[in-house]
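Please keep the sequence and the structure in view while reading.

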Amino acid sequence: MTNNPKVHFIPPRLPKREKRVGIYCRVSSNSAEQLNSLTAQVSALTKMVAAVPQWLLVDIYIDIASSKTGSSRKEFTRMLDDCQAHNLDIILTKSISRFGRDTVEVLEALHQLKTLNIRVIFEQESLDTADTDSALMISIIESIAQAENESRSDNIKWGIKQRAAQGTSKLYNRKCYGYKNGSDGSLIIDDAEAKNVQLIFDLYLQGKSIIGIIKELEELGIKTPTGKEKWSKRTIDVMLSNEKYIGVVRLLNSGKNEVHYVSENNNPSIISKKKFKAVQIEKSRRSNIIKGEVGNQRKSKKYSSKKH
């Protein structure tokens, strides 16, 4: 039969690629790692399109955030414009987090695309808007977004702890009044401000109240750390308890953390340890005294052991 010249075999007709597909990819920076991730996204999604005979890849939309462009999403906008012009039937993207920056943006875009009868497929989550009820889709997206936010928060906290433990955290060299950052980022003494810090500690040990210290500073024309004329009681109180003035920095010691980190000799001292300790003792003593009608009186024993 196959050698019969009168018989002609007709190859099967390939299905027509009638569903126009757009691929959307986004990365959060133009670092080498993120660009490699982008390449992987495009490659994987292109293979998905090629695997479905009815799909035709029409365009690839790529957004890359950078320090110059910030969170600009020109390609995302162009994709939505193409949908409005009925140039796409399907949008294929890696994941919900790549499709939108937050839950609100994702839901707004999906609502707009649904009215245009555009199908959106999230490869990583195996979600397809054509097969998912709207209410369920909203619930899924919100729960995924919440989980991602919690994971991101945990990663940030873990990173802070790691850098604190390794002594590489920039928080160790966060400047405060009396210091400035050197060329290498380390703390160095600002001579003019340091004299004012020393004055505040001395005035306190001479018996001046915080209000009295504020009055003295303002009379001398000394401005606050933020350059204002008026000092606040809290600013003075915090300065009088700031261990950075004796070269000590504590991180993650808010009470919410199981472990906190202490860096001794972290930076040059402005106040001697002896003077700093004397101020803390005086603060504790004053906190146990209240003003009454018949003069100063000690608080009840209940508060006598209060320390700062």
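**Basis of the description**

A residue is called buried under 20% relative accessible area, exposed over 50% and partly exposed in between, with a 1.4 Å probe and protein chains only. Helices (H or I, at least four residues) and strands (E, at least two) are DSSP runs, numbered from the N terminus.

The model is predicted, and local features need pLDDT of at least 70, while side-chain atom pairs count only at pLDDT 80 or more, and totals for chains, interfaces and linings use all residues. Residues are numbered from 1 along each chain as its sequence is written, and side-chain values use heavy atoms, with hydrogens and water left out.

**The sheet**

Five strands make up an open sheet of mixed pairing, in the order β2-β1-β3-β4-β5, where two strands pair if DSSP finds at least two bridges between them. The edges are formed by β2 (55-64) and β5 (127-128), each of which pairs on one side only. Helix α2 (residues 74-84) packs on this sheet and touches β1, β2 and β3, with its direction at about 150° to that of β2; contact here means heavy atoms within 4.5 Å. Axes are lines fitted to C-alpha atoms, for helices over the stretch in contact, and angles run from 0 to 180 degrees between N-to-C directions.

Strand β1 is mostly covered, since seven of its nine residues are buried.

The pairing of β4 with β5 is antiparallel and has two bridges, and it places Phe122 opposite Leu127 in β5. The hairpin of β4 and β5 has four residues between the strands, and in it Ser126 takes a positive phi near 55°.

**Helix α2 against helix α4**

Helices α2 and α4 (residues 103-115) pack at an angle of about 20°, with their axes 10 Å apart. They are therefore roughly parallel to each other, in a scheme where angles under 35 degrees count as roughly parallel, over 145 as roughly antiparallel, 65 to 115 as roughly perpendicular and the rest as oblique. The contact is made by Phe76, Leu80, Cys83 and Gln84 of α2 together with Ala109, Gln112 and Leu113 of α4. By class these residues are five nonpolar, two polar and no charged, where Ala, Val, Leu, Ile, Met, Phe, Trp, Tyr, Cys and Pro count as nonpolar, Asp, Glu, Lys and Arg as charged, and the others, Gly among them, as polar.

**Helix α6 against helix α9**

The axes of α6 (residues 191-205) and α9 come within 10 Å and cross at roughly 50°, and the two helices are therefore oblique to each other. From α6, Phe201, Asp202, Tyr204 and Leu205 meet Lys275, Phe276, Ala278, Val279, Glu282, Lys283 and Arg286 in α9. This contact of α6 with α9 has six nonpolar, no polar and five charged residues.

**Lys277**

Lys277 lies in helix α9 (residues 273-287). Is Lys277 buried or exposed? Its relative accessible area is 58%, and Lys277 is therefore exposed. The C-alpha atoms of Lys277 and Ile246 are separated by 9.9 Å, although the two residues are 31 residues apart along the chain.
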